[in-house]
Amino acid sequence: MAAATALLNLKKDFPLLVNEPTLVYLDSASTALKPRAVIEAVEEYYTNYSANVHRGLYDLSERATAAYEGAREKVRTFIHAGSSREIIFTSGTTASINLVALSWGRSMLKRDDEIILSILDHHSNIVPWQLLAKDIGCKLKFIDCDSKGRLKLDQLSKLLSRRTKLIALSHVSNALGTINQLTTLTQKAHAIGAKVLIDAAQSVPHMPLNVEHLNCDFLAFSGHKLGGPTGIGVLYAKEELLKQMPPVFGGGDMIREVHTDHSSWNDLPWKFEAGTPPIAQAIGLGAAIDYYAKIGMSKVRAHEHALTEYALKKLAELPGLTIYGPADAAEQSGVISFTLEGVHPHDISSLLNEEKIAIRAGHHCCMPLMDRLKIPATARVSFGVYNSTEDIDRLIEGLKKVQKIFKV
Ligand SMILES: Cc1ncc(COP(=O)(O)O)c(C=O)c1O
């Protein structure tokens, strides 16, 4: 069976799973578990060279700077960006998108300009644009999805206008797992001079990704969903755009010169990194990238595809279970959202917790999508490289127990 050959066996690399062998962790879309190599890289920095970067003219600081900038280079290679000047370290996807809204949005957009988002998007890719719209009077439009959570991309020709300046949307839906096809959309946006921002929080950790092939103008992701530390994220942007964009935060490191009446800015990418950056976090992210690059992102995708296929088949056998999303492993990443008739998703999650199975329940920071689907919440399982078919078997047994308790 194709599924079996694609499966990896990596639980041993994750200390949390080694220490908690009975835990079934199915919430990687929320945050991924950390491989030992990441924990060790962070410990090594704090133990042996925890100096500040870019400042000290002594060995420790030079070592810290080399590791911090080395992590940037690893990110560049991982997402196939042309230059490390295009890689800005932020605190996460949310901060990256806000940075684009506050810098590019405020300086380039005007009243009545239009931004196209999608109904699948995470609040992080909706609220920053709402704040911008309130600030400057630009307008937001949404691409709808069908009942299977697939974007209605045919709506694009109606939504696009000469006022469209940006299409910002998620590569993979964190709530439903839908993988959005972006090539045509990007071509259409560029044909009318609009920019494209991709929220890649749920794609960078789960599949091969190449920003040059995607030809996106901006791309955001979070380190913690890739097994890196919390508090580190990435904004990729084309260099020509970053050059035009004003900084958002002022302070140390982002300046070239400061006078009492004016200042000038540092080169890229540091123009956008004011203050002491998240050094340990960046180094940890670099270690996470090494870990995933060594496995190979095609293998990561194949593993999660096989698990998704297996889980979709098993879940479909449970009576009263409705899957939201494509329900086709080829069209979705390792995220499956569902409801069980007669049981609130929060109850599903709480009862599974008693079986040591961790899943997420709620609106998944996608309230507009929940409104569109006319449901308050779903239960969501999401896979990582450390999951196995045994984890899914435990989930199915757990769900059967939930159904027994609720007599459904
Ligand atoms: C699609 C998507 N976008 C944005 C975010 C926000 O990421 P963070 O909280 O790491 O900034 C998430 C987190 O779940 C997400 O799944």
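Helices (H or I, at least four residues) and strands (E, at least two) are DSSP runs, numbered from the N terminus. This is a predicted model, in which local features need pLDDT of at least 70 and side-chain atom pairs count only at pLDDT 80 or more, while totals for chains, interfaces and linings use all residues. Residues are numbered from 1 along each chain as its sequence is written.

1. Positive phi values. D253 lies in the loop that runs between helix 10 (239-244) and strand 9 (255-258). Although D253 is not a glycine, its phi is positive, about 75°. D253 is partly exposed, with 16 C-beta neighbours inside 10 Å (a residue is buried with 20 or more other C-beta atoms within 10 Å of its own, exposed with 12 or fewer, and partly exposed in between; C-beta atoms are placed from the backbone). H80, in the loop between helix 4 (59-79) and strand 2 (87-90), also is not a glycine and has a positive phi of about 60°. H80 has 14 other C-beta atoms within 10 Å and is partly exposed.

2. A cis peptide. L268 and P269 are joined by a cis peptide bond with omega of about 5°. P269 is placed in the loop between strand 10 (263-265) and helix 11. Most peptide bonds are trans.

3. A helix pair. The axes of helix 3 (residues 36-48) and helix 11 come within 8 Å and cross at roughly 145° (axes are lines fitted to C-alpha atoms, for helices over the stretch in contact, and angles run from 0 to 180 degrees between N-to-C directions). Residues making the contact include A41 and Y45 of helix 3, and I283 and A287 of helix 11 (contact: C-beta atoms, placed from the backbone, within 7 Å).

4. The core. Y236 and I283 touch the most other members of the largest nonpolar core, which has 116 residues (such a core is a set of buried Ala, Val, Leu, Ile, Met, Phe, Trp, Tyr and Cys residues joined through C-beta atoms within 7 Å). Helix 11 (residues 279-295) gives the most to this core, with 10 residues.

5. Four strands form an open sheet in the order 11-12-15-14, with antiparallel pairing (two strands pair if DSSP finds at least two bridges between them). The twist from one strand to the next averages 30°. Strand 12 (residues 335-340) pairs with strand 15 (residues 378-382) over four bridges, and V335 has S382 as its bridge partner in strand 15.

Methods. Contact = placed C-beta atoms within 7 Å.
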